[in-house]
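Student: I would like to learn how to read contacts that involve aromatic rings. Could you take me through them step by step?

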Amino acid sequence: MMGLMASDETRTETRTETPTEARVQARAASGAPEEPGEATATRAWTTWTTRLLILGIVLAAVNLRPAITSLGALLEEVRDGLGMSGSIAGLLTSVPPLCFAVFGVTAPRLARRFGPGAVVCAGMVAITAGLLIRPYAGGTGGFLAATALALMGIAVSNVLMPVIVKRYFPDRVGSMTGLYSMALAFGTSVAAAATVPLTDALGGHWQPGLAVWAVLPALAVLPWIPFVRNRKAPAATVPSAPRPGPEGGKPAEQPPLRITRSRTAWALAVFFGLQATAAYITMGWMAQIFRDSGVSAGTAGLLLAVIMVMGVPLAFVIPRVATRLPHQGPIVVVLGVCGLAGYAGLYFAPVGGAWVWALLLGVSNCAFPLALTMVGMRARTGAGVAQLSAFAQSTGYLISIPGPLLVGVLYQHSGGWGLPIALMSALMVPQIVVGVLAGRNRTVEDEAAR
């Protein structure tokens with residue numbers, strides 16, 4: 001059927017070769033007898049370690065946003081407690097993309113040196129420490145420093161998630177991307193909805209209401225510990241043989257990948273940056289927008305949770321649909337139109353249609369799992385995905401830094417939310433344009449090697 005390409009996923013269960021399986025197959029091909037217990041070891045290695053890896057991916061993904069959305073739900077209390085102005089609060093909401101840009105670019109280098117499992121494990125430890133320290137650090141400076149520590153752990157894990165999926169589950173990129181995107185959306189929405197009730201249950205003070213979220217990353221450390229000691233994960237693919245040279249000569253060397261020469265890489269980076277701008281404005285300010293419109297703090301947190309929880313089902317569906325399309329542009333357009341409609345409703349009737357606008361903005365926020373899926377689709381090799389992921393995310397987060405800060409400045413100087421909402425709407429138009437460009441069926445290897 002025209003307009004569709006073969007999916008990278010199969011109806012039957014597909015799994016990749018483990019190193020042990022590769023040895024078994026090589027021995028069988030040579031006619032050598034199987035070593036005692038080798039088949040049993042292979043099955044145990046595959047079953048248990050692959051399950052542990054999937055559990056680690058899910059738990060890590062759950063912890064990639066609560067540090068941000070829990071703060072958004074209590075931003076007014078934190079501002080009052082630390083004596084922040086609107087501009088400083090805007091700076092605080094810009095810290096996540098700044099840290100993601102600065103620290104995310106180091107993730108591929110760290111993964112090559114220590115292994116991706118060790119880096120993600122260290123990232124979970126950093127998140128735990130940062131969330132425990134920041135409510136009690138004392139003063140705005142300490143709060144920002146501890147937040148940056150937690151965000152450093154999030155940054156490296158952000159970049160390595162698509163790399164781990166591409167490397168260990170190459171035949172299930174869509175479903176695995178959907179799985180961890182769904183877990184990410186779940187963690188985001190739970191933190192948005194539960195922070196205010198948890199704070200009330202813990203005595204009404206914002207400090208324990210923020211610190212309680214350190215429990216989740218502490219649990220997420222556990223499944224990654226085995227991968228610290230063993231850099232080769234159980235489901236790692238066997239490297240493909242190099243392409244032979246002419247007439248059986250030496251294998252042809254792959255041309256160096258110059259990622260900045262790829263138009264698709266730049267389009268994907270800008271798309272990632274604009275969707276991140278919208279996401280961090282939403283996570284940092286949306287609850288406050290609803291509260292200033294007359295909605296209670298608890299209801300505002302629930303509305304923010306609705307926006308985030310839309311990503312739970314859609315984050316699983318969108319990547320699977322995207323991997324079946326030769327061009328992801330139509331999905332980009334649908335998400336952008338939903339965002340424009342949500343912002344329009346937020347401007348004209350913020351309270352009357354609050355739940356509808358939350359639903360529309362929640363659909364629009366699913367540009368994030370779409371961007372992650374396109375990272376895996378726009379490169380052919382694991383090394384290409386690693387470069388593209390680091391480039392698109394680091395560049396994208398740099399682009400997104402001014403957005404939340406500018407919203408805070410506009411809010412403080414205009415005394416209302418009209419101008420900030422107009423800014424959000426205006427940014428949605430170029431997001432649609434570059435998203436369509438990034439969704440074209442091509443790879444960065446073809447463009448960057450020219």
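Student: Over the face of which residue does arginine 51 lie?

Tutor: This is a predicted model, in which local features need pLDDT of at least 70 and side-chain atom pairs count only at pLDDT 80 or more, while totals for chains, interfaces and linings use all residues. Residues are numbered from 1 along each chain as its sequence is written, and side-chain values use heavy atoms, with hydrogens and water left out. A charge sits over a ring if NZ of Lys or CZ of Arg is within 6 Å of the ring centre and within 35 degrees of the ring normal. Here arginine 51 lies over the face of tryptophan 48, at 5.7 Å from the ring centre, and the charged end of arginine 65 sits over the ring of phenylalanine 368, 5.0 Å from its centre.

Student: How many aromatic pairs does a search of the whole structure find?

Tutor: Rings of Phe, Tyr and Trp (its six-membered ring) pair if their centres lie within 6.5 Å, and planes under 30 degrees apart count as stacked, over 60 as edge-to-face and the rest as tilted. The search finds twelve such pairs. Among them, phenylalanine 272 and tyrosine 397 are edge-to-face, with 5.2 Å centre to centre and 90° between the planes.

Student: Are phenylalanine 272 and tyrosine 397 buried or exposed?

Tutor: Both are buried, where buried means under 20% relative accessible area, exposed over 50% and partly exposed in between (1.4 Å probe, protein chains only).

Student: Which residues do ring pairs link into a cluster?

Tutor: The cluster consists of Phe100, Phe272, Tyr280, Phe368 and Tyr397.
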